[in-house]
Amino acid sequence: MNTVIAPAFANKASEIEHCITHFDTYGEVFVKGRRNTIKTYPLGEITVNVKSFRVPPFFNQIAYRFFRKSKARRSYEYANVLLKMGIGTPLPIAYFEHTKALTFKDSYYMSEHLTPDLTFRELTEIPDYPEHEIILRQFTRFTFMLHEKGVEFKDHTPGNTLIKKTGPGQYSFYLVDLNRMTFHTAPMSLEKRILNMAKLTPLTPLIKVMSNEYALLSGEPYDRVFGLLAKHAQHFNSRFHRKRAFKRAIGLRKK
């Protein structure tokens, strides 16, 4: 097992390693997904969570063993990059990789467990959520800040930004599920920026507010921002539902 623990948590190494070596029998299940599992654990004065990444398909086992960084390692390294850039994400604590001579097996990423007040998903499901437009505009400013710093968060989806209220009309944002990111050194084009937002929602009222705020921040015409975001959001939504229907049809997904 390849183990990397953040220096600030070196004195907790035995407790951290215990969470991993006893992952199947220890800890409280937080998310039980089809592909990955997340469990929470007490660690001193904080609560941490561990995301277990399943064993990849055979050819990916070779790729991750010799040519690609694991999802756990990328999550840990990207979290550190984000924090250095002043971008919110749960504190990275450790990652673990289980390898054999020629293949890569499972991996684990540990970070501080944050309890949010909401995620972007609540904004899509609860139109009268308190301070709905205030949160949506601040979220759009957060996304604009990511783009200005060259951060392309490829899993920029409704559940992957934790939102915490910090005061009257004030909110902080924290990225999670970090293993797919690109850090651009050249300025991101408007098309790339809007594509990065397209997975968030196909709902026209939300797209109008986000487009208005993004246009104000970027200096781009509102009609151009709205047109691009509406087009790409609807395209992504249609493709998402087609893929889900196909998987159900061939038995890869429950109806």
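**View 1. Strand β1 is joined to strand β5 (residues 92–99) by four bridges, and the two run antiparallel.** In this predicted model, local features need pLDDT of at least 70 and side-chain atom pairs count only at pLDDT 80 or more, whereas totals for chains, interfaces and linings use all residues. Residues are numbered from 1 along each chain as its sequence is written, and side-chain values use heavy atoms, with hydrogens and water left out. Helices (H or I, at least four residues) and strands (E, at least two) are DSSP runs, numbered from the N terminus, and two strands pair if DSSP finds at least two bridges between them. Threonine 3 has phenylalanine 96 of β5 as its bridge partner. Helix α3 (residues 71–84) packs on the sheet, where it touches β1, β4, β5 and β6, and its direction makes about 160° with that of β5. Contact here means heavy atoms within 4.5 Å; axes are lines fitted to C-alpha atoms, for helices over the stretch in contact, and angles run from 0 to 180 degrees between N-to-C directions.

**View 2. An open sheet of six strands has the order β1-β5-β6-β4-β3-β2, with antiparallel pairing.** Its edge strands are β1 (2–5) and β2 (28–32), each of which pairs on one side only. Neighbouring strands of this sheet are turned against each other by 15° on average, direction ignored. Helix α1 (residues 13–21) lies across β1, β3 (36–43), β4 (46–53), β5 and β6 (104–112), and runs at about 50° to β5.

**View 3. Three strands form an open sheet in the order β7-β9-β10, and their pairing is antiparallel.** Because β7 (118–119) and β10 stand at the edges with a single partner strand each, one side of each is left without a neighbour in the sheet. Helix α5 (residues 132–148) packs on this sheet and touches β7, β9 and β10, its direction making about 45° with that of β10.

**View 4. Strands β9 and β10 form a hairpin with two residues between them, and glycine 169 in the turn has a positive phi of about 70°.** Six bridges join β9 (residues 161–167) to β10, and the two strands run antiparallel. In β10, serine 172 is the bridge partner of lysine 164, and tyrosine 171 is that of lysine 165. Buried means under 20% relative accessible area, exposed over 50%, and partly exposed in between (1.4 Å probe, protein chains only).

View 5. Glutamate 131, in the loop between α4 (120–125) and α5, has a phi near 60°, a positive value in a residue other than glycine. Its relative accessibility is 28%, so glutamate 131 counts as partly exposed. Aspartate 177 lies in the loop between β10 and β11 (181–183) and, although not a glycine, has a positive phi of about 60°. With 27% relative accessibility, aspartate 177 likewise counts as partly exposed.

**View 6. The chain that holds these details has eight helices and eleven strands.** Its C-alpha trace spans about 55 × 45 × 40 Å along its principal axes, and 44% of its 255 residues count as buried. Among contacts in the chain between residues at least 6 apart in sequence, 61% join residues at least 24 apart.
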